[in-house]
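Subject: Structure handover

Hello,

Here is the structure I promised you. Please have it open while you read the notes below.

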Amino acid sequence: KIAYLIGKKHLPASKIAAITFTNKAAREMRERAAKLLRGQDAEGLTVATFHSMGLKFLQIEHEAAGLRRGFSIFDMDDSAGVLKELLPKGAKNDVLDSVRGLISRAKNDVLSPDRAAELASSAREREAADIYGQYQRRLAAFNAVDFDDLIRLPVTLLDEHEALRTAWRERLRYLLVDEYQDTNTAQYRLLAQLAGPRGAFTAVGDDDQSIYAWRGADPENIVRLGKEYP
């Protein structure tokens with residue numbers, strides 16, 4: 001499809017983004033595209049994971065996100081270290097894992113700490129929402145984001161700023177998404193915001209092959225896609 005868009009539809013490679021879930025798949029996709037295209041034709045083509053796409057967005061739009069240039073990305077160990085400091089002294093690992101999971105789920109649903117607190121339905125969820133707010137303030141102090149923020153922040157910014165939406169929809173005129181059944185709410189909304197009402201994208205997926213429900217993937221996104229982009 002990439003070769004067709006460039007060769008037959010004369011769309012510049014720099015206006016195309018192909019998105020998948022693993023770095024290995026992105027490398028393989030990039031190599032296959034390069035074989036089908038002459039070197040120059042592939043110049044500027046984006047082949048990335050959702051998270052590396054979000055990172056690129058934040059590197060360009062760091063000011064809008066309240067970040068300084070050269071911000072850090074916290075890995076799971078970094079995040080766990082900060083959360084451990086915010087939890088009551090002596091909190092057990094299962095509490096840490098539970099709170100971390102609830103914060104991650106809130107971010108994958110593109111919820112702010114305040115919204116997560118509003119929707120909390122148990123004492124543990126209310127505690128997690130409170131810690132989520134403290135955790136985000138701590139990240140800001142470190143000029144850092146975590147892995148989930150790489151999608152949540154771009155979606156939030158695109159939701160809130162029309163000028164950013166317009167600029168990014170012009171920057172990327174066509175999107176291709178692989179393994180679509182493994183997208184979560186934030187990833188679906190990122191695609192929808194970038195594609196806009198034109199809906200210029202190709203999504204490939206098989207709901208029988210969804211393997212990431214444990215981390216928020218929603219195979220129903222394929223059904224939703226068909227309804228929202230008939």
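R126 touches A120 and S121, leaving out residues up to four places away in sequence; contact means heavy atoms within 4.5 Å. R126 is found in helix α7. Helices here are DSSP runs of H or I with at least four residues, strands are E runs of at least two, and both are numbered from the N terminus. At 48% relative accessibility, R126 counts as partly exposed. The scale is this: buried is under 20% relative accessible area, exposed is over 50%, and partly exposed is in between, with a 1.4 Å probe and protein chains only. R126 and A116 are ten residues apart in sequence, and their C-alpha atoms are 8.0 Å apart in space.

Before going further, some ground rules. This is a predicted model, numbered from 1 along each chain as its sequence is written. Local features need pLDDT of at least 70 and side-chain atom pairs count only at pLDDT 80 or more, while totals for chains, interfaces and linings use all residues; side-chain values use heavy atoms, with hydrogens and water left out.

The whole chain

The chain has eleven helices and six strands. Its radius of gyration is 19 Å, close to the 17 Å that the globule rule gives for 230 residues, so the chain is as compact as a globular protein of that length. That radius is taken over C-alpha atoms, and the rule is 2.2 Å times the number of residues to the power 0.38. The C-alpha atoms fill a box of roughly 60 × 40 × 35 Å along the principal axes.

Of the 230 residues, 43% count as buried. Take the contacts between residues at least 6 apart in sequence: 75% of them join residues at least 24 apart. The accessible surface comes to about 12700 Å², and 50% of it belongs to carbon and sulfur atoms. The area is from the Shrake-Rupley method with a 1.4 Å probe; for residues, only the protein chains shown count as cover.

Charges: there are 34 positive and 34 negative side chains, and the centres of the two sets lie 4 Å apart. Lys and Arg count as positive and Asp and Glu as negative, without His and the chain ends. Each charge is placed at NZ of Lys, CZ of Arg, CG of Asp or CD of Glu.

Strand β1

Strand β1 covers residues 16-20, and five of its five residues are buried. I16, A18 and T20 point one way, A17 and I19 the other. In a regular strand the side chains alternate between the two faces of the sheet.

β1 has parallel partners. It pairs with β5 (residues 174-177) over four bridges, and I16 stands opposite Y174 there. Four bridges also join β1 to β2 (residues 46-49), where T49 stands opposite T20. Pairing requires at least two DSSP bridges between two strands.

How buried is T20? Its relative accessible area is 1%. Beyond neighbours within four places in sequence, T20 is in contact with residues including A25, M29, F50 and D178.

Two loop residues

V110 has phi near 55°, a positive value in a residue other than glycine. V110 lies in the loop between α5 (93-108) and α6 (113-119), and is buried at 12% relative accessible area.

N143 also has a positive phi, near 55°. N143 sits in the loop between α7 (123-141) and β4 (144-146). Its relative accessible area is 8%, which is buried.

Best wishes
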